[in-house]
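Colleague: I would like to learn how to read helices in a model. Please take me through some cases.

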Amino acid sequence: MSAHFDLSKEEMKSYGYKIVDLIAEHWGNIESKKPLLKASREEMDDIFLQEAPEEGMPAEEVLNFVMKNVIADSAGMSHPKVYSFVPGPSNFISAMADGLASGFNIFSSIWMISPSAAELEIVTMNWLLKMFNFPIQKGGGIFTSGGSMANLTALATARRIKCGDDFSKAVIYLSDQAHSSNIKAIRVLGFKKEQIRVLPTDLEFRISINKLKNAIAKDKLEGLQPFCFIASAGTTNTGTVDPLDAIADICEEEEIWMHVDGAYGGAAILSEKGARELKGIERADSLTVDPHKWFYQPYEIGCLLVKDASWLSNTFSEKPEYLRDIEGNESEINFYDYGIQLTRRFRALKFYMSIKTYGLNTFKKAVSYNIDLADKVEKMLRKSKNWEIISPATLAVINFRYNPIHLDLTEKELDVLNQKISDKVMDSGEALLVTTILNKQVVLRMCLINPKTTFEDVRGTFLLCNSYAEKILSEGK
């Protein structure tokens, strides 16, 4: 008995046209949709929970069900009024490129199977190496699922190159504002809690150079091996960039691996102001950037860049018998030798096609617009009697709280008020605006990296926040 999954050629065309039409409609009308649709697990179970069907149903019927219940009217992380976490603005060309990569089911790991896919990864990696002034001839990198996997790959590489097989005395350093994925990677790699130094930041949320020097000196006196420092180039909380040049000086002097987590802020290198903020990033040994954030790519695509590509192959290359026939010459890169995954999707295609289609200048203008927009929002808030800046606009991230100058509210009352404002905005579905904690204060945070977000979008959101704040305060009297 044979079994197959194929539709006829005409059925496939008809089905594909419908999906492309739906995606194009989504991109054309995204501003008119709600950025957020909330639902409970019970509500979701009521819609979806069932056994896997033994028999199939018409493809269009399944598509209609998915559009109604899964895609629905929510625009998700691409909506211009998604201000929280790190939005994922994406772009249409890259979305279509993902469809091509999946439709042709391209295996992007082995040169012999798909040399063009490997070549495009080399080419786009070289584009990124040039952007960050990394050496193109000697340097290299790999596309990953995201920043978390890029950081894990970087730290595994640093450990291998600096410590070899024995890392029992190795010590790794990072700030209290470093992304949580770094701590997760450190745990996955088997480091003990006592091998991790989480150092405090200053009033501007940057690593204290003095505290870093003191920690390294103390560990060396105790016979330990300082081997890696994780610097932040655009923290998630505040967009802050650590003093990269000063850190690089220390790492060079102490022979410590310098990894820069630029998953969020690295793309700011495309703007003049961002490039100034990121001065010294070119001195890192390894660098994480996340194209599915500020390079406007759809999920998933992260990236790790290294100064010397041999560091990756020396860390991850394995030679099992079943792969012995596919080793080419050294210029023909098998990307499974550069990271953890053997099976890899063709992530380079969307980055390649979008850069080729729109041109790098379009990306530069978009990043610059985002940074300027955040600066403009900061100026607006500083002129308001109701809002207080907690962390100024830095790489398109700004933190603030509702704190009217005519009211004498306690810190606890301010925390409760700002949390309620966020809750009200979220319940309305009009914007995605959540809180974070800075200096033990509950604050609202905006990350403005969507090129579709306008100043009027932001101003309208603040008007909404003001109205909710006034209502909350009047109800509390």
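Modeller: Start with α14, whose buried residues pack against α10 (272-277), α11 (291-294), α13 (348-358), β8 (387-394), β9 (397-402) and α16 (455-475). Helices (H or I, at least four residues) and strands (E, at least two) are DSSP runs, numbered from the N terminus. Contact means heavy atoms within 4.5 Å. This is a predicted model: local features need pLDDT of at least 70, side-chain atom pairs count only at pLDDT 80 or more, and totals for chains, interfaces and linings use all residues. Residues are numbered from 1 along each chain as its sequence is written, and side-chain values use heavy atoms, with hydrogens and water left out.

Colleague: Which residues of α14 are buried?

Modeller: Buried means under 20% relative accessible area, exposed over 50%, partly exposed in between (1.4 Å probe, protein chains only). In α14 the buried residues include Phe363, Asn370, Asp375 and Leu381.

Colleague: Which residues of α8 are buried, and which are exposed?

Modeller: Leu212, Ala215, Ile216 and Asp219 are buried in α8. They cover an arc of only 95° around the axis (from the directions from the helix axis to the C-beta atoms), so they lie on the same side of α8. Asn210 and Leu221, on the other side, are exposed.

Colleague: What covers the buried residues of α8?

Modeller: The cover includes β2 (170-175), β3 (196-199), β4 (225-232) and α9 (244-254).
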